[in-house]
Amino acid sequence: FARATKCLSSMSLVDQCIATMAKHVPLVVNGIDIHLNAAVATLRPAVEVLSNFGAVEDEILDKKATKALIEAGAIEALDRVINAHLVTHDVPLLTSCLDALYNIGNDEGAARIIVRQGLGALALRCLDQFDFDHDLRRQCVKFLSVLTYHDFAIRELAEARAASEVLAVLSAHPDDSELAIDALLAVSNLATVDTRVFLEKNYLKDVVNLLDLNPNSPDLVKFVVVTFVRLATDDELSKRIGDDAMPAVMQATANFVDDPDVLSLVFELLGQLAYVKSN
(Lines give C-alpha, C1' and ligand atoms only; values in the text may rest on other atoms or scores of the structure.)
Protein backbone atom coordinates (compact mmCIF):
# COMPACT_ATOMS: atom_id res chain seq x y z
CA PHE A 1 0.00 0.00 0.00
CA ALA A 2 2.76 2.44 0.91
CA ARG A 3 4.67 1.82 -2.32
CA ALA A 4 1.55 2.08 -4.46
CA THR A 5 0.40 5.35 -2.90
CA LYS A 6 3.92 6.76 -3.09
CA CYS A 7 3.80 6.15 -6.84
CA LEU A 8 0.31 7.68 -7.05
CA SER A 9 1.49 10.66 -5.02
CA SER A 10 4.21 11.39 -7.57
CA MET A 11 1.81 10.97 -10.48
CA SER A 12 -0.84 13.21 -8.88
CA LEU A 13 1.57 16.14 -8.93
CA VAL A 14 0.75 16.34 -12.66
CA ASP A 15 -2.73 17.73 -13.29
CA GLN A 16 -3.23 15.68 -16.45
CA CYS A 17 -2.86 12.50 -14.42
CA ILE A 18 -5.56 13.56 -11.97
CA ALA A 19 -8.31 13.20 -14.59
CA THR A 20 -7.55 9.51 -15.15
CA MET A 21 -6.90 8.80 -11.45
CA ALA A 22 -10.10 10.35 -10.05
CA LYS A 23 -12.11 7.11 -10.20
CA HIS A 24 -9.50 5.38 -8.03
CA VAL A 25 -9.77 7.75 -5.04
CA PRO A 26 -12.11 5.30 -3.21
CA LEU A 27 -9.30 2.71 -3.32
CA VAL A 28 -6.94 5.15 -1.59
CA VAL A 29 -9.54 6.01 1.06
CA ASN A 30 -10.29 2.32 1.64
CA GLY A 31 -6.58 1.61 2.02
CA ILE A 32 -6.27 4.42 4.56
CA ASP A 33 -9.02 2.84 6.66
CA ILE A 34 -7.43 -0.60 6.46
CA HIS A 35 -4.05 0.80 7.58
CA LEU A 36 -5.45 3.50 9.87
CA ASN A 37 -3.12 2.70 12.74
CA ALA A 38 -0.07 1.97 10.60
CA ALA A 39 3.21 3.85 10.81
CA VAL A 40 3.64 7.31 9.33
CA ALA A 41 5.68 5.94 6.42
CA THR A 42 2.70 3.81 5.37
CA LEU A 43 -0.06 6.42 5.65
CA ARG A 44 1.65 9.64 4.67
CA PRO A 45 1.94 8.91 0.89
CA ALA A 46 -1.80 8.15 0.79
CA VAL A 47 -2.59 11.43 2.54
CA GLU A 48 -0.36 13.23 0.04
CA VAL A 49 -2.39 11.76 -2.82
CA LEU A 50 -5.54 13.33 -1.35
CA SER A 51 -3.66 16.57 -0.80
CA ASN A 52 -2.54 16.73 -4.42
CA PHE A 53 -6.11 16.15 -5.58
CA GLY A 54 -7.11 19.21 -3.59
CA ALA A 55 -4.35 21.36 -5.08
CA VAL A 56 -5.18 21.07 -8.79
CA GLU A 57 -4.56 24.38 -10.57
CA ASP A 58 -6.95 23.99 -13.52
CA GLU A 59 -10.35 25.26 -12.34
CA ILE A 60 -12.50 22.71 -14.20
CA LEU A 61 -10.28 19.81 -13.26
CA ASP A 62 -10.12 21.05 -9.67
CA LYS A 63 -13.91 20.76 -9.39
CA LYS A 64 -13.78 17.22 -10.77
CA ALA A 65 -10.99 16.26 -8.37
CA THR A 66 -12.77 17.78 -5.36
CA LYS A 67 -15.99 16.01 -6.32
CA ALA A 68 -14.09 12.72 -6.39
CA LEU A 69 -12.67 13.43 -2.91
CA ILE A 70 -16.08 14.28 -1.48
CA GLU A 71 -17.81 11.26 -2.99
CA ALA A 72 -15.08 8.91 -1.77
CA GLY A 73 -15.29 10.25 1.80
CA ALA A 74 -11.72 11.57 1.75
CA ILE A 75 -12.42 14.37 4.24
CA GLU A 76 -13.91 11.95 6.74
CA ALA A 77 -10.91 9.66 6.22
CA LEU A 78 -8.53 12.52 7.03
CA ASP A 79 -10.57 13.17 10.17
CA ARG A 80 -10.12 9.54 11.20
CA VAL A 81 -6.37 9.65 10.56
CA ILE A 82 -5.93 12.80 12.65
CA ASN A 83 -7.94 11.43 15.57
CA ALA A 84 -6.11 8.09 15.42
CA HIS A 85 -2.68 9.72 15.53
CA LEU A 86 -3.22 12.61 17.93
CA VAL A 87 -2.45 10.37 20.89
CA THR A 88 0.73 9.00 19.29
CA HIS A 89 2.01 12.49 18.44
CA ASP A 90 2.82 11.55 14.83
CA VAL A 91 3.55 15.15 13.91
CA PRO A 92 4.69 14.64 10.27
CA LEU A 93 1.49 12.71 9.48
CA LEU A 94 -0.73 15.28 11.23
CA THR A 95 1.02 18.07 9.32
CA SER A 96 0.35 16.28 6.02
CA CYS A 97 -3.32 15.82 6.94
CA LEU A 98 -3.72 19.52 7.70
CA ASP A 99 -1.96 20.40 4.44
CA ALA A 100 -4.46 18.19 2.60
CA LEU A 101 -7.39 19.89 4.36
CA TYR A 102 -5.90 23.28 3.48
CA ASN A 103 -5.81 22.33 -0.20
CA ILE A 104 -9.30 20.84 -0.17
CA GLY A 105 -10.94 23.52 2.00
CA ASN A 106 -11.04 26.28 -0.62
CA ASP A 107 -14.09 24.56 -2.15
CA GLU A 108 -17.35 25.57 -0.46
CA GLY A 109 -18.90 22.10 -0.57
CA ALA A 110 -15.77 20.55 0.88
CA ALA A 111 -15.53 23.28 3.51
CA ARG A 112 -19.06 22.51 4.69
CA ILE A 113 -18.09 18.89 5.26
CA ILE A 114 -14.90 20.00 7.01
CA VAL A 115 -16.88 22.22 9.38
CA ARG A 116 -19.54 19.54 9.93
CA GLN A 117 -16.81 17.07 10.88
CA GLY A 118 -15.49 19.53 13.46
CA LEU A 119 -12.08 19.72 11.79
CA GLY A 120 -11.72 23.45 12.47
CA ALA A 121 -12.01 22.75 16.19
CA LEU A 122 -9.61 19.84 15.77
CA ALA A 123 -7.03 22.18 14.22
CA LEU A 124 -7.41 24.49 17.22
CA ARG A 125 -6.77 21.51 19.48
CA CYS A 126 -3.58 20.78 17.51
CA LEU A 127 -2.47 24.40 17.97
CA ASP A 128 -2.71 23.94 21.71
CA GLN A 129 -1.48 20.35 22.01
CA PHE A 130 1.54 20.68 19.70
CA ASP A 131 2.93 24.04 20.78
CA PHE A 132 6.41 22.49 20.56
CA ASP A 133 6.24 21.98 16.77
CA HIS A 134 6.31 25.18 14.73
CA ASP A 135 5.73 23.54 11.33
CA LEU A 136 2.55 21.84 12.49
CA ARG A 137 1.21 25.02 14.07
CA ARG A 138 2.01 26.97 10.91
CA GLN A 139 0.02 24.42 8.89
CA CYS A 140 -2.88 24.68 11.34
CA VAL A 141 -2.97 28.45 10.83
CA LYS A 142 -2.87 28.06 7.02
CA PHE A 143 -5.79 25.62 7.19
CA LEU A 144 -7.81 27.92 9.45
CA SER A 145 -7.10 30.87 7.18
CA VAL A 146 -8.59 29.14 4.14
CA LEU A 147 -11.67 28.11 6.14
CA THR A 148 -12.35 31.76 6.96
CA TYR A 149 -13.16 32.40 3.30
CA HIS A 150 -16.56 30.88 4.11
CA ASP A 151 -19.13 32.71 6.24
CA PHE A 152 -20.50 29.53 7.82
CA ALA A 153 -16.99 28.54 8.90
CA ILE A 154 -16.31 31.97 10.38
CA ARG A 155 -19.30 31.62 12.69
CA GLU A 156 -18.18 28.20 13.91
CA LEU A 157 -14.57 29.32 14.42
CA ALA A 158 -15.61 32.51 16.20
CA GLU A 159 -17.64 30.47 18.71
CA ALA A 160 -14.52 28.35 19.31
CA ARG A 161 -12.46 31.50 19.94
CA ALA A 162 -10.22 30.76 16.99
CA ALA A 163 -9.04 34.37 16.72
CA SER A 164 -7.55 34.24 20.23
CA GLU A 165 -5.75 30.95 19.47
CA VAL A 166 -4.33 32.24 16.17
CA LEU A 167 -3.25 35.54 17.72
CA ALA A 168 -1.45 33.65 20.48
CA VAL A 169 0.55 31.74 17.84
CA LEU A 170 1.26 34.99 16.00
CA SER A 171 2.49 36.60 19.20
CA ALA A 172 4.83 33.68 19.81
CA HIS A 173 6.33 33.82 16.29
CA PRO A 174 6.31 37.49 15.16
CA ASP A 175 9.39 37.00 12.99
CA ASP A 176 7.73 34.38 10.74
CA SER A 177 6.31 36.52 7.94
CA GLU A 178 4.65 33.56 6.17
CA LEU A 179 2.78 32.59 9.31
CA ALA A 180 1.95 36.24 10.00
CA ILE A 181 0.22 36.68 6.64
CA ASP A 182 -1.87 33.52 7.11
CA ALA A 183 -2.68 34.51 10.70
CA LEU A 184 -3.74 38.01 9.66
CA LEU A 185 -5.90 36.61 6.87
CA ALA A 186 -7.67 34.42 9.41
CA VAL A 187 -8.11 37.04 12.13
CA SER A 188 -9.12 39.81 9.70
CA ASN A 189 -11.94 37.60 8.42
CA LEU A 190 -12.86 36.54 11.96
CA ALA A 191 -12.89 40.22 12.93
CA THR A 192 -16.06 40.63 10.87
CA VAL A 193 -17.90 38.88 13.72
CA ASP A 194 -15.46 39.09 16.64
CA THR A 195 -13.47 42.29 17.24
CA ARG A 196 -13.35 42.30 21.03
CA VAL A 197 -10.64 39.65 21.21
CA PHE A 198 -8.16 42.40 20.26
CA LEU A 199 -8.86 44.13 23.56
CA GLU A 200 -7.33 41.14 25.34
CA LYS A 201 -3.65 40.90 26.26
CA ASN A 202 -1.32 42.72 23.82
CA TYR A 203 -2.79 41.42 20.58
CA LEU A 204 -3.29 44.84 19.00
CA LYS A 205 0.26 45.86 19.86
CA ASP A 206 1.56 42.56 18.49
CA VAL A 207 -0.07 43.30 15.13
CA VAL A 208 1.36 46.83 15.10
CA ASN A 209 4.83 45.41 15.78
CA LEU A 210 4.58 43.34 12.60
CA LEU A 211 4.93 46.57 10.62
CA ASP A 212 8.30 47.25 12.23
CA LEU A 213 9.46 43.66 11.68
CA ASN A 214 8.38 43.53 8.03
CA PRO A 215 8.74 47.07 6.63
CA ASN A 216 9.30 45.89 3.04
CA SER A 217 6.46 43.38 2.68
CA PRO A 218 3.48 44.91 0.85
CA ASP A 219 1.35 41.81 1.43
CA LEU A 220 1.88 41.92 5.17
CA VAL A 221 1.24 45.68 5.32
CA LYS A 222 -1.99 45.21 3.37
CA PHE A 223 -3.23 42.48 5.70
CA VAL A 224 -2.39 44.57 8.77
CA VAL A 225 -4.32 47.53 7.39
CA VAL A 226 -7.28 45.36 6.35
CA THR A 227 -7.36 44.01 9.90
CA PHE A 228 -7.38 47.53 11.32
CA VAL A 229 -10.15 48.63 8.93
CA ARG A 230 -12.38 45.89 10.25
CA LEU A 231 -11.44 46.46 13.88
CA ALA A 232 -12.09 50.20 13.57
CA THR A 233 -15.84 49.54 13.30
CA ASP A 234 -15.64 49.16 17.10
CA ASP A 235 -15.33 52.63 18.66
CA GLU A 236 -12.99 51.58 21.46
CA LEU A 237 -10.67 49.76 19.07
CA SER A 238 -10.90 52.68 16.66
CA LYS A 239 -9.51 54.97 19.37
CA ARG A 240 -6.73 52.55 20.19
CA ILE A 241 -5.78 52.20 16.55
CA GLY A 242 -5.79 55.98 16.15
CA ASP A 243 -3.57 56.44 19.21
CA ASP A 244 -1.28 53.43 19.07
CA ALA A 245 -1.17 52.12 15.51
CA MET A 246 -1.36 55.01 13.07
CA PRO A 247 2.25 56.25 13.48
CA ALA A 248 3.49 52.79 12.53
CA VAL A 249 0.94 52.49 9.72
CA MET A 250 1.94 55.82 8.18
CA GLN A 251 5.63 55.01 8.49
CA ALA A 252 5.08 51.64 6.78
CA THR A 253 3.00 53.30 4.06
CA ALA A 254 5.90 55.59 3.21
CA ASN A 255 7.64 52.56 1.70
CA PHE A 256 4.78 52.02 -0.75
CA VAL A 257 3.85 55.45 -2.07
CA ASP A 258 3.66 53.97 -5.58
CA ASP A 259 1.48 51.02 -4.60
CA PRO A 260 -2.20 51.92 -5.18
CA ASP A 261 -3.42 48.82 -3.34
CA VAL A 262 -1.64 49.79 -0.12
CA LEU A 263 -2.61 53.45 -0.41
CA SER A 264 -6.29 52.75 -1.08
CA LEU A 265 -6.45 50.57 2.03
CA VAL A 266 -4.81 53.28 4.14
CA PHE A 267 -7.33 55.84 2.87
CA GLU A 268 -10.11 53.41 3.73
CA LEU A 269 -8.68 53.06 7.23
CA LEU A 270 -8.46 56.85 7.66
CA GLY A 271 -12.08 57.15 6.57
CA GLN A 272 -13.20 54.50 9.04
CA LEU A 273 -11.23 56.09 11.90
CA ALA A 274 -12.83 59.44 11.14
CA TYR A 275 -16.21 58.18 12.34
CA VAL A 276 -14.85 58.64 15.88
CA LYS A 277 -14.44 62.40 16.36
CA SER A 278 -11.62 62.12 18.88
CA ASN A 279 -9.48 60.48 16.20
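The model is predicted, so local features need pLDDT of at least 70, side-chain atom pairs count only at pLDDT 80 or more, and totals for chains, interfaces and linings use all residues. Residues are numbered from 1 along each chain as its sequence is written, and side-chain values use heavy atoms, with hydrogens and water left out.

**Salt bridges**

- The structure holds 11 salt bridges, a salt bridge being a side-chain nitrogen of Lys or Arg within 4 Å of a carboxyl oxygen of Asp or Glu.
- One of them joins the side chains of Glu-108 and Arg-112, at 3.1 Å from N to O.
- Glu-108 and Arg-112 both belong to helix H8 (residues 108-116), where they sit four residues apart, about one turn of the helix.
- Glu-108 is partly exposed at 43% relative accessible area, and Arg-112 is partly exposed too, at 41%; here buried means under 20% relative accessible area, exposed means over 50%, and partly exposed lies in between (1.4 Å probe, protein chains only).
- Another salt bridge brings together the side chains of Asp-176 and Arg-138, at 2.6 Å from N to O.
- Asp-176 lies in the loop between helix H12 (162-172) and helix H13 (177-190), while Arg-138 lies in helix H10 (residues 134-147), so this pair ties together parts that are 38 residues apart in sequence.
- In this pair, Asp-176 is buried, with a relative accessible area of 10%, whereas Arg-138 is partly exposed at 23%.
- Lys-142 and Asp-182 form a further salt bridge through their side chains, at 3.7 Å from N to O.
- That bridge links distant parts of the chain, with Lys-142 in helix H10 and Asp-182 in helix H13, 40 residues apart.
- Lys-142 is buried at 15% relative accessible area, and Asp-182 is buried at 10%.
- There is also a network: salt bridges that share partners join Arg-196, Asp-234, Glu-236 and Arg-240.

**Helices H16 and H17**

- Two packed helices are described by the angle between their axes and the distance between the axes.
- The axes of helix H16 (residues 235-253) and helix H17 (residues 260-273) come within 11 Å and cross at roughly 160 degrees; axes are lines fitted to C-alpha atoms, for helices over the stretch in contact, and angles run from 0 to 180 degrees between N-to-C directions.
- H16 and H17 are therefore roughly antiparallel to each other, given that angles under 35 degrees count as roughly parallel, over 145 as roughly antiparallel, 65 to 115 as roughly perpendicular and the rest as oblique.
- On the H16 side, the contact includes Ile-241, Met-246 and Val-249, and on the H17 side it includes Val-262, Val-266 and Leu-273; contact means heavy atoms within 4.5 Å.
- By class, the contact of H16 with H17 has 10 nonpolar, three polar and no charged residues; Ala, Val, Leu, Ile, Met, Phe, Trp, Tyr, Cys and Pro count as nonpolar, Asp, Glu, Lys and Arg as charged, and the others, Gly among them, as polar.

**Helices H4 and H5**

- Helix H4 (residues 40-54) and helix H5 (residues 59-72) have axes that come within 8 Å and cross at roughly 140 degrees.
- That angle makes H4 oblique to H5.
- Leu-50, Phe-53 and Gly-54 of H4 make the contact with Asp-62, Ala-65 and Leu-69 of H5.
- The classes in the contact of H4 with H5 are four nonpolar, one polar and one charged.

**Residues with a positive phi**

- Most residues other than glycine have a negative phi.
- Arg-161 is not a glycine, yet its phi is positive, near 60 degrees.
- Arg-161 sits in the loop between helix H11 (151-159) and H12 and is partly exposed, at 40% relative accessible area.
- Lys-201, also not a glycine, has a positive phi of about 50 degrees.
- Lys-201 lies in the loop between H13 and helix H14 (203-213) and counts as exposed, at 69% relative accessibility.

**Pro-26**

- Pro-26 is found in helix H3 (residues 25-34) and is partly exposed, at 42% relative accessibility.
- From C-alpha to C-alpha, Pro-26 and Asp-58 are 22 Å apart in space, and they are 32 residues apart in sequence.

Methods:
Helices (H or I, at least four residues) and strands (E, at least two) are DSSP runs, numbered from the N terminus.
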